[in-house]
Amino acid sequence: MMSLRAIARAAPRVLARPSTLRPAVVRTAAATAARPSFSITQKASAAFSTSALRRAPAGEVDEELAAKLSSELEFETSVKEGETLPASIKDFLENGQFELKDVPGQQDVFLTRNFGNEKITVSFSIADLSSFQEQNFEDDALADEEFEEMNDSRGNGKSGAADLAEEAEEEDMEGGADTDAMPCRLNIVVEKPGKGALNVEAIAQDGTVVVENVYYYKDAKLAHSSSPDAVHAAQDAYPGPAFGSLDEDLQILLERYLEERGITPALALFVPDYMDMKEQKEYLAWLENVRGFVEA
């Protein structure tokens, strides 16, 4: 589900923007009225004076921006303090067989484990969370426009709103599951020494792992490396058929194969919750870093 934190985060920004522009306009007008007249020669020499540049003060908006960053940081910290560690994360980290690698400041998260002579790596990125939130905001804006157009065409806002609300309720009842559940892309690599690797693209959503594609590489490095040569070589390799087009029994066996290696519903629940938690940590760190830079 789309994080409530993201919705709360967007509101104060939208409300604050108009007011931040007005003082700059007023100050500029006042400064222009009070400025004494100079000759063209004087203006030119002032513009090319290196001593004037060295003595130039900090930007006028620095203090206001730093204060806004502090306010945002305080708000986000208060939200974080009221949260508890989701059970999906706690149970997975305590009882799972994967080792977590999460480097602060980086978007990608890695889970690794050994299974017999195999090395298994599962990776996902918080970049997917940002893309999902942006898409939801765009969809909401489009839905609002359609809502207004429907009211205008019917000529009765109250009647149109009631009809649309009833239609939305019926769709929710028919759909059952929450359609706003966040899909998280998983990149799964199963490799054997000297035998290459299987690279599986999947989606974790609603506690389920949905396999999309299964690739085989003779060189396991092609499943990990992001160098241009490796990417080009991986693109040239035969990708195999779409997973959904495979024989149904083959699909089931491949899914069982992955489940034995830890690609389970527990992992599908863990990933979205961990992505949300990591995004919050990275956003707090970003606010701290930007404020520190502005204040320096």
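**Close-up views of a predicted model**

**View 1. The loop that holds Asp-206.** Asp-206 lies in the loop that joins strand E5 (196–205) to strand E6 (208–217), where helices (H or I, at least four residues) and strands (E, at least two) are DSSP runs numbered from the N terminus. Although Asp-206 is not a glycine, its phi is positive, at about 55°. The model is predicted, with local features needing pLDDT of at least 70 and side-chain atom pairs counting only at pLDDT 80 or more, while totals for chains, interfaces and linings use all residues. Residues are numbered from 1 along each chain as its sequence is written, and side-chain values use heavy atoms, with hydrogens and water left out.

**View 2. Helix H4 beside helix H10.** The axes of helix H4 (residues 62–81) and helix H10 (residues 265–295) come within 9 Å and cross at roughly 160°; axes are lines fitted to C-alpha atoms, for helices over the stretch in contact, and angles run from 0 to 180 degrees between N-to-C directions. H4 and H10 are therefore roughly antiparallel to each other, a term used for angles over 145 degrees. Among the H4 residues in contact (heavy atoms within 4.5 Å) with H10 are Leu-65, Leu-69 and Leu-73, and the H10 side includes Leu-284, Leu-287 and Arg-291. By class, this contact of H4 with H10 has nine nonpolar, three polar and eight charged residues.

**View 3. Helix H5 against helix H10.** The axes of helix H5 (residues 87–95) and H10 come within 8 Å, crossing at roughly 115°. Ser-88, Ile-89, Phe-92 and Leu-93 in H5 meet H10 residues that include Leu-267, Phe-270 and Met-277. The contact of H5 with H10 has nine nonpolar, one polar and one charged residues, with Ala, Val, Leu, Ile, Met, Phe, Trp, Tyr, Cys and Pro counted as nonpolar, Asp, Glu, Lys and Arg as charged, and the others, Gly among them, as polar.

**View 4. The two ends of helix H9.** Helix H9 (residues 248–260) has 13 residues and spans 19 Å from its first C-alpha to its last, close to the 18 Å expected at 1.5 Å a residue, that is, 1.5 Å times one less than its number of residues. At the start of H9, a side-chain oxygen of Asp-247 comes to within 2.9 Å of the backbone nitrogen of Asp-249. After H9 comes Gly-262, with a positive phi near 100°.

Definitions and conventions. Parallel < 35°, antiparallel > 145°, perpendicular 65-115°, else oblique. Polar contact = N/O pair within 3.5 Å; in protein donor to acceptor, adjacent residues only side chain to side chain.
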